[in-house]
Amino acid sequence: NENFGKYMFFAQVDKKNMSCPASYKDLDAYFDKVESKASLVVKNFGERLHLQEAYEKYHLPENISSRQIDLKRRGDGNWAVCVDMGEKGKLNAKLEYDDGYSFFKAKSVTKEQLAAKYLSDDIAKIMNNQNKVGKTAKMSV
C-alpha cells in the first residue's frame, strides 16, 4: 500500500468512508490541539464534501472579470473552466468530478473560484510577462 507507515485522516459521511494522508503541519495542529477536528476535516476533505468554506481560499487577480470566465463542455464529455485573456489567448483546464458537482449541484463554488483553483498559475505567468514587456518598452523610449 502506498500509504503504509503514514498517518492518515479518516472521515465517514453517511456510509461513505474517506481518507487522506496527513501532512506534518496538520499532524502538529491535531496533536497540539491548536486546530479543531472540524477545521481539519474542512481543510482535508472540504472539496470532496462540497463545502463552501473549502473554496474560499481561491481568489483571482482583480483585473480578471467574471465575464471572461466560462464553463464549457469538452468533446470528451468532461467540463472545463475557460478564461479569455483577450489578445493573450484563452486558458482552459479540465474540471475534476467533485468540483463539477460542487458547482452544478451543491452550488458551493463560483466559476471565479474554479478558475482561480485551476488556472491561477497560468494567469499569473501571463500577467507577469505582460508587466515585463511593459517595463522594457518604457525603458527603451
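The accessible surface of the chain in this predicted model amounts to about 10,200 Å², and carbon and sulfur atoms contribute 50% of that area, as calculated by the Shrake-Rupley method with a 1.4 Å probe, where for residues only the protein chains shown count as cover. Of the 141 residues, 30% count as buried, a class defined by a relative accessible area under 20%, with exposed meaning over 50% and partly exposed lying in between (1.4 Å probe, protein chains only). Local features are reported at pLDDT of at least 70 and side-chain atom pairs at pLDDT 80 or more, whereas totals for chains, interfaces and linings use all residues. Residues are numbered from 1 along each chain as its sequence is written, and side-chain values rest on heavy atoms, with hydrogens and water left out.

The chain has a radius of gyration of 19 Å, compared with the value near 14 Å that a compact globule of 141 residues would have; the radius is taken over C-alpha atoms, and the globule rule is 2.2 Å times the number of residues to the power 0.38. Along the principal axes, the C-alpha atoms fill a box of roughly 60 × 35 × 30 Å. The chain comprises 5 helices and 5 strands, which follow the order β-β-α-α-α-β-β-β-α-α from the N terminus; these elements are DSSP runs numbered from the N terminus, helices being H or I over at least four residues and strands being E over at least two. Among contacts with a separation of 6 or more, 47% are accounted for by residues 24 or more positions apart, where contact means heavy atoms within 4.5 Å. The mean positions of the 24 positive and 20 negative charges are 3 Å apart. In this count Lys and Arg are positive and Asp and Glu negative, while His and the chain ends are not counted, and each charge is placed at NZ of Lys, CZ of Arg, CG of Asp or CD of Glu.

Strand β5 (residues 90-94) contains A93, which is buried, with a relative accessible area of 15%. Beyond its neighbours within four places in sequence, A93 is in contact with W79, A80, V81, Y118 and L119. The C-alpha atoms of A93 and L71, 22 residues apart along the chain, are separated by 9.8 Å.

Y118, one of the contacts of A93, belongs to helix α5 (residues 111-140). Not counting residues up to four places away in sequence, Y118 touches V81, A93, K94, L95, E96 and D99. Its side chain is joined to that of D99 by a polar contact of 2.3 Å, and a polar atom of the Y118 side chain lies 3.0 Å from the backbone nitrogen of E96. A polar contact is a pair of N or O atoms within 3.5 Å; within protein, one must be able to donate a hydrogen and the other to accept it, and residues adjacent in sequence count only if both atoms are side-chain atoms.

The loop between α2 (37-45) and α3 (52-55) holds E47, which counts as buried because its relative accessibility is 18%. The side chain of E47 makes a polar contact of 2.8 Å with the side chain of Y58, and residues touched by E47 include D98, D99, S102 and K117. H50 is found in the loop between α2 and α3 and counts as buried at 17% relative accessibility, with a phi near 60°, a positive value in a residue other than glycine. K33, in the loop between α1 (24-31) and α2, has a positive phi near 55° and counts as exposed at 70% relative accessibility.
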